[in-house]
Every structure is written in C-alpha cells, then in structure tokens.
Amino acid sequence: MIGIIGKILIDLAFASSLLAGIGYFTYSRNGNDRYFRLSSWLMGAEGLFILAAAGVLLHLLLTHQFQYYYVFDYTSRSLPLKYLISAFWGGQEGSFMLWIFFTVVVSLALMRWTRKPYRGPVLFFMSLTQVFLLSMILGIHVGGIGIGSSPFRTIAEAMPNAAFIKSNPNFVPADGQGLNALLQSPWMVIHPPVLFFGFSLMAVPFCFAMAALWRKKFNEWIEPALPWTLGANLCLLVALFLGAYWAYTTLSFGGFWAWDPVENAALVPWLLGTAGIHLMLIQKKKNSSQKASIVFSLLAYMGVIYETFLTRSGILGNSSVHSFVDLGLYNQLLVFMLVMVAICIGLFAYRYNELPKNQGGTDYLNREFITFSGAMILFLLGLVIAIGTSAPIIGRLFVAHPTPPEISFYNNWSYPLAIAAAFMTVVGQYIFWKRQKDAESLAWQLFLPLVAACIATFTIIIVAHIHRWFPMGLLFGGCFAIIGNAFIMVQLAMKKPRLIGGSFAHFGFGILLLGIMSSTLFNSQLLDSSTRNYNSAVTKGKLTDGKGHRIRQKANFVQLKLNKPRIINNEYKFIYKGYTLKNQTRAGQQQYRIEIKPLHHPGKTITMHPQVYPMSAASPGGKISWSVDSDVHTGFASDIYLYVAGSSYVQRINKEIAQQNKNRKLGKPVSDVLSPDSTTVRKISLAKGKTAKEGPFVIKLVSFSRVSGHKGLPDNTQIAVRANLQVRRRASSTSQTIHPLFAIYTKHGKNWSYSPISRLPGQGLGIHFTNINPKTGQLTFRVRGIPKHSKKSWILVVAQKKPFISLVWIGVFVIVIGFCISIFRHWDIERRKRLLKQA
Amino acid sequence: MRLKLITGGIAIIGFTTLLMINFGHSISSYTTFPQAKNRGARVVGTLVKSRPTAFSVKKKQFTFYMKDKAENVRKVVYPKPEPNDFSKAKKLVVTGRMHHGVFYARQILMKCPSKYNATAKDVEAQSKD
C-alpha cells in the first residue's frame with residue numbers, strides 16, 4: 001500500500017520535472033518571468049515529491065517491510081540503524097534517488113544564485129538531466145517496454161513467474177538478505193552521498209556551458225560556473241578518498257587502488273573536470289580558449305554519464321568485482337547517454353562558427369599555453385583510463401571476448417603522464433604568478449627549486465636504495481612539485497594569502513605522487529625465513545610437486561602457531577596470541593590477536609586485531625563462506641597491513657559443517673560432529689578456582705553450590721550440587737559456561753547417584769559431574785568428546801609493509817584544502833559581482 | 001600557425017596509435033582451459049561442486065575443480081588460502097595458465113550475484129521454512 005504512494009510520488013516528481021523543463025525552455029525562449037516562476041515552483045514541488053518518496057523508502061527500510069524487493073534485498077532484521085539507513089543507497093534504485101535528490105537541491109541553489117541571461121537555459125538543462133534520472137526509477141510499462149526500475153516494487157512484481165509467488169502472491173519473507181557485509185562500514189555510509197553530490201554538482205558546468213552556447217555569451221559564464229565546478233571536483237576527490245580508504249582497510253587485495261571500473265568511474269570525471277577548471281581559469285584571465293573550456297565542461301559531465309552507463313548497464317559483467325547487477329536499464333542508459341552527447345555536439349556544432357577564434361600566439365611560454373598543456377595531460381590521463389575501462393566495448397576491435405587490460409596498461413601510461421603533470425604544475429605556477437621577460441628569466445627563477453629537488457631526489461635514491469627508473473622519475477617529479485609549489489606558495493602567502501589555493505593543491509599533488517610511488521612500488525610482503533627460502537627455491541625452479549612437475553607459484557602467507565614467535569623479514573617478531581569470538585557485531589566473528597615486536601625497538605609492541613567472519617549463516621547442506629576484515633597499523637613512515645587468510649578455527653568449523661551435512665544425508669543426528677572413535681573420555685578432578693587442560697580445552701571450576709527444591713531433581717534427593725564450569729578453547733579468550741548437576745537420592749532404601757550429561761553447545765563436548773570428595777573439596781568430572789589428535793591452534797597471516805602510504809592521505813587532504821581555498825575565493829568574487837549588479 | 005597545427009596533429013595521431021596498440025596488447029580474450037597456454041589467460045567457468053576443494057597448509061596451495069564454458073573440467077591450483085566468498089560464487093574468473101593439465105591461477109575473481117541481487121531461489125528457500 002505504502003509502496004504505491006512511493007510510486008505515485010516518483011511519478012509526480014517525474015511529471016513536475018518534465019513540466020518544469022518545458023517551462024524553463026519557454027522562459028529561455030520568450031523571457032516571460034511568469035514561466036520562470038511557475039517552473040521554479042514545479043521544481044520545488046519535484047524536490048518535495050522526491051523527498052517524500054525517499055521518506056517512504058526509508059520508512060519501509062526501517063520497519064522491515066520485506067514484501068518490498070529492495071528492502072528484502074538489502075536489509076535484514078539484525079542490521080543496525082546506521083546500516084539500515086545506508087542500505088538506502090546500497091542498490092541502484094536508491095542511489096539513483098539520492099542522485100536525483102541532490103540534483104534538485106543543486107537546482108534550487110542555482111535558481112537562487114544564477115543571474116540572467118543564463119538562468120533560463122541553465123535550469124532547463126538541469127531539469128533535462130532530472131527527467132532522465134527520474135525515468136530510471138519510474139518502473140512503469142508503456143506499450144510493453146519497461147521504463148526504469150522502481151525501488152518500490154514488491155517481490156511479487158519483481159519475480160512474477162516464481163512458483164512460490166504463483167501459489168501465494170501475498171508471501172512476505174520473514175527476514176531479508178541483509179546488506180553485504182563488506183558494505184557494513186562507516187566509510188561506506190558516507191562515501192555514496194559525497195560521490196553523488198559530486199555527480200550532481202558536475203552537472204552545473206555542463207549546464208552553464210550549454211547556456212553559454214544557447215545565449216551566445218561565451219565569456220561571462222565562467223565566473224558563476226567556476227565555484228560549482230571546483231565544488232564538484234572537491235566532492236569527487238573526497239569520495240575517491242573515502243572509497244580508497246575503505247578498500248585499503250576492509251578488502252583483502254592489499255591496496256587502495258586496483259583500477260577497477262567502479263573506481264575509474266569517479267576518477268575519469270574528476271580528471272576531466274580538473275582539466276576543465278584549468279581551461280576556465282585561462283579564459284577568465286585572458287578571454288581566450290572559450291571553445292576548450294566549453295568542450296571540457298561538457299566532457300566532464302559526459303564522463304559522469306558514460307561511467308554511469310558502464311557501471312550500471314551490466315556491460316562490465318566479467319571485469320569488475322563490484323559492478324552493479326543488470327536491472328535491464330541498458331537501453332535506457334544508452335538513450336540517456338546518446339541524447340546528451342547528441343545535444344552537446346549538436347549545439348556546439350550549431351554555434352561553432354560564432355565561437356570566438358583564438359588568435360594564435362607564437363610564444364610557448366605564456367600562461368595560456370602552459371595551463372592548456374597541463375589540462376591536456378589531465379585529459380590524456382582521463383582518456384587512457386576511460387579506454388582501459390571501456391575494454392569490454394572497445395576491446396571487441398581486437399578480440400572476440402575482451403578481458404579488462406592488464407594493470408600494467410594503466411600503470412605504464414599513468415606514471416609518465418603523472419611525472420609530466422608534476423613538472424607542469426611548477427612551470428605553470430611560475431608562469432602564472434610571476435613575470436618573465438623570456439625563457440631565460442624563467443629558467444633563472446626555476447633554478448633554485450630545481451636544484452633543491454635534485455638534492456632531495458638523490459638523497460632519497462641513495463638512502464632508500466632505489467634502482468628502478470619509474471620510481472626515480474616519480475620521486476623527482478614529486479619532489480620538484482612539492483618544492484617548486486612550496487616556493488610559490490610562500491611568496492604568494494606573503495603578498496595575498498587568498499591566492500594560494502592553486503599552488504597549495506599542486507603542492508598536495510606532489511605529496512600524493514610520492515605517497516603513491518612509495519606505497520605501491522615499494523610495497524613488501526612480510527614473510528618468515530622458511531617462506532622466503534621456499535619462494536627463492538620456486539624462483540630457481542628447484543621445487544617439484546608430487547608428479548615431478550616444477551612448482552611455479554610463490555607463497556605470500558605465513559603460518560603462526562599459538563604463542564610461538566616468528567621472525568619476519570629480520571625486522572619483526574610476530575606472535576599469535578589467540579582469538580576472541582565476538583558475536584555482537586557479526587554472528588560468528590573471530591577477532592584474532594597478533595603481537596608484533598619490532599626487533600630494532602626493544603620493548604615496543606604493536607597489537608593487531610584482524611577479523612574473520614562468516615558472510616552469512618550456512619544454509620542447511622551448504623558451506624560457510626568466510627570473509628576477512630584486515631587490520632592496518634598506521635605509522636608515518638610505514639603502515640603494516642595484515643589479514644588472517646585461514647585458521648585452525650575456521651578449518652574446524654568447516655569440517656564440522658561438512659560432517660553435519662554428511663550426517664544429514666545418512667540420517668544420523670546432525671549434532672553428532674565428532675565420531676566416537678576419534679574422541680576420548682577423560683576423568684578430571686578440580687578444586688574450586690582450579691583449571692584443567694584437556695586436549696584443546698581449558699576447563700575451570702568457578703564455583704559450586706547446593707541446590708534444593710529444583711524441579712529437575714529425582715525424588716527423595718538427599719543432596720544436590722551444581723557446579724559452575726567455564727570451558728574455553730586454548731586459543732580463544734571467549735569461554736562458555738555450563739552447570740553440570742550431581743545428586744544423591746534414595747530408592748528402595750539404597751543411595752544412588754544422579755549425574756546427567758551437560759552438553760556444551762557447538763563444541764561436541766559433554767560433561768558428567770560424577771563425584772564430590774568432601775575431604776579434599778575436589779569435584780570429579782567425566783569429560784566426553786575430547787578429540788584424540790588435537791593440534792595446536794594456528795593462523796595464516798598475509799602481511800604487507802607499505803612505506804609512506806600516509807603521504808597518499810596527507811596529499812589528498814592538502815589538495816582538498818587547496819580546492820576549498822579556491823572555492824571561497826571564486827565564490828567571493830562572484831558574490832561581489834552579483835551585489836554590484838543588484839545595486 | 002601551420003607548423004603548430006601539423007605538430008599537434010602528428011602528436012595526437014602518434015599518441016593515439018601508440019595507446020591503441022598498447023591497449024590491444026594488454027587485453028586478451030576470455031578463453032577455455034585447453035587454449036589457456038599463455039601467461040595471464042582468463043577462463044570463465046563454474047565450480048564443480050561434486051569434486052573436492054581443499055587447502056593444504058603444507059603444500060601452500062588451494063585446489064579445486066572448475067568447468068569452463070566448453071564443459072572442460074580442470075584442476076585449478078591457487079597459491080593462497082581459499083578466497084573470500086569462494087563457496088558462494090556463482091561464477092569464477094581465473095587468471096593464470098595451464099601446465100601439464102593443471103591450471104595455475106594467480107588471481108580468482110568471484111561473481112556473487114546474491115550479494116547484489118537476490119535470486120528467486122533465495123526467496124524460495126525462505127518460503128519453504
């Protein structure tokens with residue numbers, strides 16, 4: 001019922017955006033303010049409708065209405081509140097809604113702050129994007145063609161042909177599928193909103209550029225558009241950072257960037273947008289390169305749409321780990337993209353002859369040319385990444401079923417371009433802010449930073465034993481960018497501190513480059529000497545398998561046994577200290593404890609807590625799917641990244657489940673995990689407070705006490721005692737408590753003892769309380785189900801050392817601040833102009 | 001002006017040609033086990049559930065059997081412990097090469113549609129409870 005309201009709200013929002021678009025179009029044509037006001041009211045109404053629809057979806061999510069497909073698919077009853085909310089943007093439909101909502105918010109802001117003559121066309125193109133985006137979540141059928149996929153569809157609508165729906169159309173599942181465990185991270189709560197806000201803002205330069213073409217006013221749009229473009233890029237950068245940091249600390253690929261299409265989808269628009277910003281700055285300064293700044297403003301948004309198409313149409317099926325599933329939006333997304341591209345090209349071509357021609361100067365050392373070249377490098381980088389991401393489409397030119405490119409494709413192209421970009425930042429900044437008579441005076445100005453960068457580079461090369469060319473180039477580029485931009489920054493800061501945004505961001509780029517270089521090219525596996533020897537034997541081809549074939553694969557993990565220290569890389573001592581079962585966060589989660597003692601710093605101990613958890617409870621007859629949560633120890637000089645790839649605990653649980661499945665097939669009791677012939681029975685005597693170790697178990701007698709009048713006791717009980725035992729596995733710090741009973745009763749004039757078995761859930765252990773010795777105070781127990789061959793607890797650890805990865809985060813942070821400074825500056829300029837016009 | 005245009009044109013053509021050639025070399029076609037003779041071959045397929053999957057700490061490898069699209073079943077060896085979500089994957093993409101009838105994978109990509117999209121089966125399992 002409520003879902004229908006949601007659907008109607010989306011339909012109303014769609015209708016309002018369509019009408020607003022028509023209204024803005026008419027207003028742009030005839031300039032009648034009535035149309036503007038009417039359309040603005042419609043846009044406001046659209047905002048309310050989409051807000052209300054979002055409220056409905058949120059309500060459905062929070063009240064667990066699993067008859068709705070979206071709710072069933074992304075949430076479950078056990079999900080904490082913050083992840084119930086973030087499930088809103090966990091899937092395609094919800095994230096489209098979020099994107100639409102932000103686009104409306106941006107449109108309302110544009111309505112308030114955009115001046116004539118641009119405001120009509122700008123808002124027209126804004127509503128055009130909204131019409132397309134809203135059509136993605138309409139979920140209606142027109143003439144047999146489905147348009148959009150509604151977040152409010154019920155399970156019956158989603159799978160009408162399923163047998164269980166046919167037998168019971170009103171079926172409501174008791175619980176949902178739950179949110180993907182990997183997405184249950186605070187980073188993933190905030191990453192999507194920031195990303196989609198960036199996508200929404202990226203529409204602004206697009207709309208302004210189109211408005212400029214429409215109005216034939218090719219210069220004045222830069223000032224109002226610039227702060228928005230900077231804002232869009234700021235959001236995308238923050239979103240990229242959040243995603244990268246999440247990948248680094250949560251996933252097990254051991255890095256922050258994998259050139260996955262989903263990551264590239266945000267990087268390419270960022271690169272194009274940044275290129276656009278550079279061109280807009282030239283145009284602002286010199287009233288030249290109008291064509292280029294328009295083209296790039298359009299291109300950045302086309303980048304957003306194209307990457308949306310790639311990631312959401314299902315076309316990347318085999319190449320991405322986390323591309324969205326195909327919702328049948330392929331055609332619709334294709335239409336969206338093609339229409340937008342056609343409008344852009346059409347209007348641009350229509351106005352081409354009227355666009356100002358650039359008077360070609362011969363001088364290469366002017367700021368236009370240098371800034372333009374910098375923008376071109378960003379563009380080429382974007383182009384390379386876009387081509388790589390498009391492999392499933394473009395690759396068909398070469399092979400039948402194209403795979404994604406090798407990672408080296410991205411690296412081999414982006415490293416040289418990044419080095420070139422680093423040099424351009426310094427030269428560009430010097431030419432932008434300082435006066436030079438000729439190339440010679442520029443050379444003199446650059447002399448000092450160049451020498452300083454050379455000294456820094458050589459020092460680092462010698463200290464860090466760098467032998468390869470790529471790192472040397474990146475190192476020099478990074479150092480030069482840091483030092484050169486720092487020079488400019490200091491000089492500017494002394495004169496006009498408001499102007500340092502650009503040089504500050506470029507300074508951050510240098511830091512980022514050094515961070516990327518050191519953390520990826522000098523990333524090292526942390527291994528013990530036996531694994532190292534094994535790997536060098538593999539390299540030499542000395543190892544063969546059972547069939548006499550050469551072993552070619554190196555190992556990257558270390559086995560740690562409980563409390564047995566291992567020397568790693570002659571640098572650390574790793575000690576596995578056991579695990580704790582933490583059922584509160586995720587059922588069945590184990591938190592491992594690993595102590596790391598650096599050999600060069602005696603007395604210092606780092607404790608790390610990687611986790612392993614089941615993806616979801618094993619369905620009867622299935623296997624558990626385990627997932628890992630890595631842990632990172634952050635330091636300025638280097639991080640230690642580590643995860644547990646396997647453990648004796650996980651192996652035991654897997655075996656138990658396999659045994660249970662076998663039992664189920666054979667018709668045996670499912671709980672009979674250990675067969676009697678592999679276990680043994682032990683007798684133990686314990687005084688109060690004492691512990692006994694039997695096989696893998698540690699059993700402690702905490703207390704015991706007399707009980708009387710208990711229901712479970714036999715008739716004529718003389719005395720009854722209940723013991724309080726704590727049982728845990730040796731490696732585990734989580735214990736379970738059981739209370740075995742011992743009673744003496746009389747029957748037919750004789751004394752009998754009563755000691756029922758107490759079972760420990762999930763451990764296959766049973767305990768009888770068999771006797772009390774009043775003299776010694778010792779209690780005797782018979783413990784059943786102790787495995788005969790119990791091995792020591794162990795874990796497999798994959799650990800990496802990442803030098804100076806902190807520079808990546810610091811670099812991004814500095815760039816973000818640089819962007820913020822620039823936004824304030826350009827917004828302020830635009831605000832003053834607006835006030836001036838009003839006065 | 002003429003010169004600028006020509007050098008610019010040559011630069012663009014040169015760059016694009018180089019880029020596309022390199023791109024063409026760095027991608028390959030999804031293939032089947034018998035064809036996976038080159039380094040970095042990628043094979044798409046499904047796990048053979050009736051055959052054992054096992055990880056051996058001693059041998060430092062994880063082994064399983066996979067059926068490719070042409071119904072060829074081969075043993076796959078992976079030099080790491082069992083990857084996340086392995087048993088849940090509906091489809092596997094392995095990267096590596098064949099040696100003596102065994103596929104040595106250096107990367108395994110799991111496609112788990114259930115993560116993003118519940119199948120009718122998942123709901124059905126509940127409707128029977």
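**Close-up views of a two-chain model**

Of the 129 residues of chain B, 36% count as buried; a buried residue has 20 or more other C-beta atoms within 10 Å of its own, an exposed one has 12 or fewer, and a partly exposed one falls in between, with C-beta atoms placed from the backbone. This is a predicted model, in which local features need pLDDT of at least 70 and side-chain atom pairs count only at pLDDT 80 or more, while totals for chains, interfaces and linings use all residues. Residues are numbered from 1 along each chain as its sequence is written, and chains are lettered from A and ligands numbered from 1 in the order in which they are written.

**View 1. Chain B has three helices and seven strands.** Along the sequence they follow the pattern α-β-β-β-β-β-β-β-α-α. Helices (H or I, at least four residues) and strands (E, at least two) are DSSP runs, numbered from the N terminus.

**View 2. Here chain A meets chain B: 51 residues of chain A are in contact with 45 residues of chain B.** Contact is taken as C-beta atoms, placed from the backbone, within 7 Å. Elements of chain A that each give two or more residues to this side include helix H14 (367-389), helix H16 (407-433) and strand E12 (638-647).

**View 3. Helix H19 (residues 501-521) of chain A has 21 residues.** Because 19 of the 21 residues of H19(A) are buried, this helix is largely enclosed by the rest of the structure.

**View 4. The largest nonpolar core has 230 residues, and A:Val204 and A:Leu513 are among those that touch the most other members.** Such a core is a set of buried Ala, Val, Leu, Ile, Met, Phe, Trp, Tyr and Cys residues joined through C-beta atoms within 7 Å. Its largest share, 19 residues, comes from helix H9 (residues 186-215) of chain A. Leaving aside neighbours within four places in sequence, A:Val204 is in contact with residues including A:Val106, A:Leu110 and A:Trp228.

**View 5. A cis peptide bond joins A:Lys116 and A:Pro117, with omega about 0°.** Look for A:Pro117 in the loop between helix H5 (92-113) and helix H6 (119-135) of chain A.

**View 6. Two chain A residues other than glycine have a positive phi: A:Asn569, near 55°, and A:His748, near 50°.** A:Asn569 lies in the loop between strand E5 (566-568) and strand E6 (572-582), and counts as partly exposed with 16 C-beta neighbours inside 10 Å. A:His748 sits in the loop between strand E18 (741-747) and strand E19 (750-754), and is exposed, with 5 other C-beta atoms within 10 Å.

Conventions: Two residues are in contact if their C-beta atoms, placed from the backbone, lie within 7 Å. The expected span of a helix is 1.5 Å times one less than its number of residues.
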